[in-house]
Amino acid sequence: MFQNIGEMVLLFWRTLLALPLTWRQRQKVFDQFFEIGNASLLMVCVLSFFIGGVLALQTGPVLVENGLASTVGGLVGISMAKELAPVMMAILIAGRVGSAMTAEIGSMQVYQEIDALRTMNISPVHYLVLPRLIAIAVALPMLVMFAILVGWLGGALVSFANERIYIPIEVFFANLRDMVELDDVANGVFKSFCFALIIGVVSCHQGLVTIGGPRGIGRSVTKAVVNSIVLIVIFDYILTNILMVFNS
Amino acid sequence: MSVQQNHQDGVTVEVRGLRKHFGRHEVLRGIDFAINPGEIFVIMGPSGSGKSVLLKHIVGLERPDEGDILLSGESIQAPEVLGKYRVAFVFQSGALLNSLTVGENVGLYLTEHRLKPPEEIARIVTEKLEVVGLKGTERKMPNELSGGMKKRVAIARALVIEPQLILYDEPTSELDPLSAVVIGEEILNLKERIHVTSLVVSHDRDLAFGVADRIAVIHEGRIVAIGTPEEVKRRPEPIIQRFLNADFKTNNSSRL
């Protein structure tokens, strides 16, 4: 385990050192970026809409019965912005995009394509890892911003449509504006940027260390997704603590 | 694999006391040989004898436990020595990048190192594919090609580097006899045209005796014979004779 962590830190460091080459790899970055967006946008919409909706549905009736209807918008707004959208979208992207990264790089490793790159003096870090890491680090925060908005919309529509809650949409958003600050959204977006780096590094590393045939690729994909999710949850706690210190 | 694109002379290769373990298993047990510039040197041996591992050491994909490899007298363990000489590796599987077209695969080295403008790269790719008899396949994907065509594309990709040393790992494995002949002719043509040093690892006896200037026979991680094809054929050691003369014999008695 410690060897894996060391290798991942080293891979991340090497990718950081390769950042000046980003412009040369821009076509690959754009390709990866659109692939991530294309693969995830619909799922992000559906997931975040229903997360926002369920959050309103679970909390709305209780709050309304206790005379706290004005807090429903704020509760949905803050929960989506600070916690649910970044964490849930990161888990979704780990499963959807991280697994694909590991499978692709793992397959290239198993079938000697990465060895072929090395013999041509082409660094796999520059050619494969850098474009993927940059693409996911840009794409995930954008998806999370989108997810926050869709989640709020889901919460607002459910709060309006459910007769036990029944909060008009403009009132829901007025309450949300009163309670949610720009910092809350910024916190969520910053977390998602960190989660994107975790997913990118873990997935690419697992791909690069793949051994064996198709079974090895499958094993690497599973490890990449599980390790990413575990690290996302652990770092969520750490980052939340750090951000609380900064925000206080 | 530096930028000196016009230098065409082959390099010398010296392998000295090379040893390699994987876990408890010693794959290479002290390999020594030298290859002259422009020579075609074939290493033969049964599967699992350490041939491919040896090639990976020469191209820097593996690091030896003991011993050294020298290219034109310089140890490849010294930084930048492998970058100084243009070394190409033709993998057993071809190892083409499946997400790229044939043309992109062949031009990958020039594109990634930005050695030529795109139009010049396209011209070179067409030229190299023509050399290996695959003109017009630039836009095909690797999965549209046969095994023999993939290997020829891999050779074209190696040629783009304008190599001083080409390493071939089982270049005729999985090929029909006609395709194997084409690959053998390609190896000879390259020697004639660009005087490249060639190191071929194979257990294909026809290929080895057809193209080799010298042959080494490797068995269980050791070189057991080295010499011209005729000298190797005359070696009396049972292991060499068994390997060189192994043939399928019909068991007529069991059929009767």
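What percentage of the contacts in chain A with a separation of 6 or more is accounted for by residues 24 or more positions apart? Such residues account for 88% of these contacts, two residues being in contact if their C-beta atoms, placed from the backbone, lie within 7 Å.

## Basis of the model

This is a predicted model, in which local features need pLDDT of at least 70, side-chain atom pairs count only at pLDDT 80 or more, and totals for chains, interfaces and linings use all residues. Residues are numbered from 1 along each chain as its sequence is written, while chains are lettered from A and ligands numbered from 1 in the order in which they are written.

## Chain A

Chain A contains 8 helices and 0 strands; helices (H or I, at least four residues) and strands (E, at least two) are DSSP runs, numbered from the N terminus. Along the sequence the pattern reads α-α-α-α-α-α-α-α.

Taken along the principal axes, the C-alpha atoms of chain A fill a box of roughly 70 × 35 × 35 Å. Of the 248 residues in chain A, 46% are buried. A residue is buried if 20 or more other C-beta atoms lie within 10 Å of its own, exposed if 12 or fewer, and partly exposed in between, with C-beta atoms placed from the backbone.

## Chain B: overall form

Chain B has 10 helices and 10 strands. Its radius of gyration is 19 Å, close to the 18 Å that the globule rule gives for 256 residues, so chain B is as compact as a globular protein of that length. The radius is taken over C-alpha atoms, and the rule is 2.2 Å times the number of residues to the power 0.38.

Buried residues form 41% of the 256 residues in chain B. Residues 24 or more positions apart supply 67% of the chain B contacts with a separation of 6 or more.

## The sheet of chain B

In chain B, 6 strands form an open sheet of mixed pairing, in the order S6-S7-S8-S3-S9-S10; two strands pair if DSSP finds at least two bridges between them. The edge strands of chain B are S6 (87–90) and S10, each pairing on one side only.

Strands S7 (residues 165–169) and S8 (residues 197–202) of chain B pair in the parallel sense over 5 bridges. Within S8(B), B:Leu199 stands opposite B:Leu167.

## B:Val224

B:Val224 belongs to strand S10 (residues 222–227) of chain B. This residue counts as partly exposed because 17 C-beta neighbours lie inside 10 Å. Leaving aside neighbours within four places in sequence, B:Val224 is in contact with B:Val217, B:His219, B:Glu237, B:Ile239 and B:Ile240.
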